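I opened this notebook to record what I looked up in the structure. The entries follow the order in which I consulted the topics.

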Amino acid sequence: MGRPSGLVTTQEVQAARGMLDAARRVVVVTGAGMSAESGVPTFRGEDGLWKSHRPEELATPGAFQHDPQLVWEWYRWRRGLVAACEPNPGHRALSAFRRRHPETTVVTQNVDGLHQEADRLEEVGPSVSPVLELHGRLFGDRCQGCHRRTEAVRTPDPDLEAALPRCDECGDLLRPDVVWFGEGLPRSVLETAVDAARTADICLVVGTSARVQPAASLPLATTGAGGTIIEVNPSPTPLSRRARVTLRAPAGELLPVLLGP
Ligand code: OAD
């Protein structure tokens, strides 16, 4: 077994592997750090998006009401950035793990679709439950009038970029199909996630600052039902003291070692 960089000992990784081997059900909760090594910026780190942008001006229903052009510019910029990114070895290792352990559930706060892309590359079949996207998806549009959902164009026509996109059915404004601050999460997705967290022996928490609810509370549903938390994050979080094992290393380096066969 190789040793990833960071403050992780081989013994800690072995202990976590033993716990995962013994588990009947695993839930994995991921955040922006999961995709950091793919080149997708996080939100709260030193170079995080919320250091240079104000969430209330870009990621709230009020912001969209006030200036849809500005909000669309920001989401188009993010789409372009993410479209150029690929799953990293951490995403790939997690998908391969789920192929071998189909009872594992992945719950992500990420909207980048990189877990799903890794599932495709690792040929994860239909017997594995789809990734639960708590905060929606970057490459989806939703009509603010009739709520119809459509796929976003991945490589948009620059001539059409300046115009605000409109619904083909009712003509109302389209918005990105993501969850903004102040909005509720998709109810059935959240219910399935809570259920998976409650019934899991292990909650593996990867790359989240655990500051945004209700995602941050999912691991506590696991511990509340007698399960344990394993955390993978180079930095401490409010969840660290609740974790049985904390592995301080980047996900792209650590997950292939932790989750490999
Ligand atoms: P944050 O940006 O708040 O936190 C990212 C976490 O990833 C931090 O704890 C980092 O230490 C950690 N990290 C950085 N690089 C890592 C790596 N290579 N491997 C593992 N961990 C790494 O992102 P989230 O917790 O996902 O919501 O943020 C939650 C929500 O807040 C997002 O979904 C978004 C944001 O505002 C909305 O926009 C609604």
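**Entry 1: cysteines.** I looked up the sulfur of Cys-146 and found the closest cysteine sulfur, in Cys-143, at 3.7 Å, which is too far for a bond. A disulfide is counted here as a pair of cysteine sulfur atoms within 2.5 Å. I noted that the structure holds zero disulfides. Cys-146 is partly exposed, with a relative accessible area of 36%, whereas Cys-85 counts as buried because its relative accessibility is 14%. Buried means under 20% relative accessible area, exposed over 50%, and partly exposed in between, with a 1.4 Å probe and protein chains only.

**Entry 2: basis of the values.** This is a predicted model, in which local features need pLDDT of at least 70 and side-chain atom pairs count only at pLDDT 80 or more, while totals for chains, interfaces and linings use all residues. Residues are numbered from 1 along each chain as its sequence is written, and side-chain values use heavy atoms, with hydrogens and water left out.

Entry 3: I looked up an open sheet of three strands and read their order as 5-4-6, with antiparallel pairing. Its edge strands, each pairing on one side only, are strand 5 (149-151) and strand 6 (174-178). On average, neighbouring strands of this sheet are turned by 45° against each other, direction ignored. Strands (E, at least two residues) and helices (H or I, at least four) are DSSP runs numbered from the N terminus, and two strands pair if DSSP finds at least two bridges between them. Strand 4 (residues 136-143) is joined to strand 6 by four bridges; Gly-136 has Val-178 in strand 6 as its bridge partner. Helix 5 (residues 68-83) packs on the sheet and touches strand 4 and strand 6, its direction making about 140° with that of strand 4. Contact means heavy atoms within 4.5 Å; axes are lines fitted to C-alpha atoms, for helices over the stretch in contact, and angles run from 0 to 180 degrees between N-to-C directions.

**Entry 4: strand 7.** Is strand 7 (residues 202-206) mostly covered or mostly uncovered? I found it mostly covered, with five of its five residues buried. Ile-202, Leu-204 and Val-206 point one way, and Cys-203 and Val-205 the other way. Strand 7 pairs in the parallel sense over five bridges with strand 1 (residues 26-30), and Leu-204 is the bridge partner of Val-28. Five bridges also pair strand 7 with strand 8 (residues 228-232) in the parallel sense, where Leu-204 stands opposite Ile-230.
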